[in-house]
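Please find below a short note on the model under review.

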Amino acid sequence: MNRALNALQSTKSTRNLGLKHRNTFGFEVSAELAYDITVPEQIPEVMSEIAKQKLAWRVLGGGSNVILPKILAGATLLMNIAGQEIISADDKNTYLSVGGGVNWHEFVAWTLEHDLPGLENLALIPGTVGAAPIQNIGAYGVEVAEYIDSIIVFDVKDQAFVTLTKDACCFAYRDSYFKQNPQRFIVTQVVFKIPKSWKPRIHYADLAKQFFENANPSPEDIFLAVCKIRTHKLPDPKVIGNAGSFFQNPIIPIEQFEALLKKHVDLVSYPDLPGKRKLAAGWLIDQCGFKGQRLGSVGVYENQALVLVNHGGGTAQDVLSLAQSIQDKVRAEFGVSLVIEPNLF
Ligand code: FAD
Ligand code: NAP
């Protein structure tokens with residue numbers, strides 16, 4: 001109890017905090033009341049204060065998967081819990097405990113420095129470790145869920161810290177129990193389980209091309225190749241504001257896919273669950289002529305149509321208007337609904 005009280009007393013809160021540099025779209029945002037969360041013990045007291053005052057609230061990690069309004073009403077918990085350590089190992093796996101506020105890319109680099117390969121395909125994804133399980137981040141055929149053992153959360157409904165096993169997290173393609181139950185769980189630590197056996201996974205075309213003459217790349221080779229491809233293909237949020245893929249890749253029934261393929265022979269798609277097919281949303285948007293287009297301060301990135309960008313001075317409303325035009329045209333042309341991936345507050 002004393003520790004909890006001390007934690008609250010030391011919780012720094014700031015009124016009207018500017019968050020332009022804590023959202024990768026670079027929108028001008030002001031948080032009415034922001035709490036700096038550096039240790040889990042702060043959370044119960046902060047949440048009880050928020051409940052007492054009946055404030056709206058949300059957690060913010062690195063702000064790389066959110067669309068924020070000009071004013072973030074109520075309370076914003078800035079997830080800044082640090083710390084990463086190897087906690088145990090057995091014949092097959094090494095277990096790591098990592099704070100929710102640790103930078104994801106720096107953590108991936110750290111695993112490789114400690115000879116713990118597996119996460120290299122997920123290099124250079126912006127944001128925090130605590131947010132990684134929320135949408136089960138994925139890239140180049142690897143999902144973070146594969147490497148998660150369990151997650152320590154504060155359950156806001158039950159007002160208690162709970163450890164959720166991987167199975168309880170209901171991970172799916174860019175989805176999780178957390179995403180299905182917004183504003184219930186605050187991720188404080190993630191426990192990773194890194195298998196000691198390792199095989200390169202370079203089947204995505206862009207990655208395979210990098211290893212045309214090297215059938216046995218090391219984890220570090222893959223890490224560097226992923227960084228190189230991403231740096232070339234995606235806009236650096238420090239230069240052009242964006243939140244990565246703006247829409248999810250639609251997964252449609254096979255019958256709908258076959259009908260579409262008759263009309264669009266070059267439709268880009270991949271097998272997914274049995275009876276379903278995943279369409280490349282970027283290709284659909286490109287076909288509708290949006291790639292490289294600009295609408296006032298916002299636009300569609302020239303190298304990847306799935307990424308909407310803020311050229312400077314744009315707002316959430318601007319980007320959502322552009323998104324609506326894209327959704328309407330893609331639906332009219334292909335009969336497919338595009339779902340927005342970043343979280344709208
Ligand atoms: P935020 O944007 O701050 O938050 C995202 C959501 O998670 C919000 O709903 C927030 O409330 C919630 N949240 C954050 N932290 C916590 C916590 N500790 N507890 C509970 N809820 C929390 N994503 C991919 O999957 N694959 C990619 O390859 C990829 N590439 C990207 C490239 C670029 C250039 C950009 C800008 C984004 C990319 N993304 C990608 C999206 C994004 O980086 C990830 O979703 C990332 O995990 C978001 O982390 P964050 O800390 O910035 O989360
Ligand atoms: P890409 O390699 O050009 O591929 C285009 C789309 O086709 C991707 O969305 C990918 O689906 C799918 N795809 C390609 N090869 C595939 C294969 N062998 N099997 C199954 N699906 C395949 O994509 P990109 O834009 O350059 O991005 C590269 C990777 O980084 C992708 O995995 C992408 O998801 C990830 N990324 C994600 C975000 C984000 O914000 N969510 C942003 C940038 C990049 P998947 O998306 O399912 O992999």
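The numbered points below take up the basis of the model, then each ligand, then the sheet.

1. This is a predicted model, in which local features need pLDDT of at least 70, side-chain atom pairs count only at pLDDT 80 or more, and totals for chains, interfaces and linings use all residues. Residues are numbered from 1 along each chain as its sequence is written, chains are lettered from A and ligands numbered from 1 in the order in which they are written, and side-chain values use heavy atoms, with hydrogens and water left out.

2. The shell of ligand 1 comprises 32 residues, the closest being Val59, Gly61, Ser64, Thr128 and Arg230; a residue is near a molecule if one of its heavy atoms lies within 4 Å of it. By class, this shell holds 16 nonpolar, 14 polar and two charged residues, where Ala, Val, Leu, Ile, Met, Phe, Trp, Tyr, Cys and Pro count as nonpolar, Asp, Glu, Lys and Arg as charged, and the others, Gly among them, as polar. At least two shell residues come from each of strands E3 (57-60), E8 (138-139), E12 (185-195) and E13 (241-245); strands (at least two residues) and helices (H or I, at least four) are DSSP runs, numbered from the N terminus.

3. Polar contacts are pairs of N or O atoms within 3.5 Å. An oxygen atom of ligand 1 lies 2.6 Å from an N or O atom in the side chain of Thr128, and a polar backbone atom of Asn65 is 2.7 Å from an oxygen atom of this ligand. The protein covers 93% of the 980 Å² of accessible area that ligand 1 has on its own (Shrake-Rupley method, 1.4 Å probe).

4. Around ligand 2 there are 17 residues, with Tyr173, Tyr204, Lys233, Lys278 and Gln304 the closest. The classes here are six nonpolar, six polar and five charged. Oxygen atoms of ligand 2 lie 2.5 Å from a polar side-chain atom of Gln304 and 2.6 Å from one of Tyr173. Of the 790 Å² that ligand 2 exposes when taken alone, the protein buries 83%. E8, helix H6 (219-233) and E13 each supply at least two residues of this shell.

5. E13 also belongs to an open, antiparallel sheet of four strands in the order E13-E19-E18-E17; strands pair if DSSP finds at least two bridges between them. E13 and E17 (294-295) each have a single partner strand, so one side of each lacks a neighbour in the sheet. Leu295 stands opposite Val298 in E18.

Key. A polar contact is a pair of N or O atoms within 3.5 Å; within protein, one must be able to donate a hydrogen and the other to accept it, and residues adjacent in sequence count only if both atoms are side-chain atoms.
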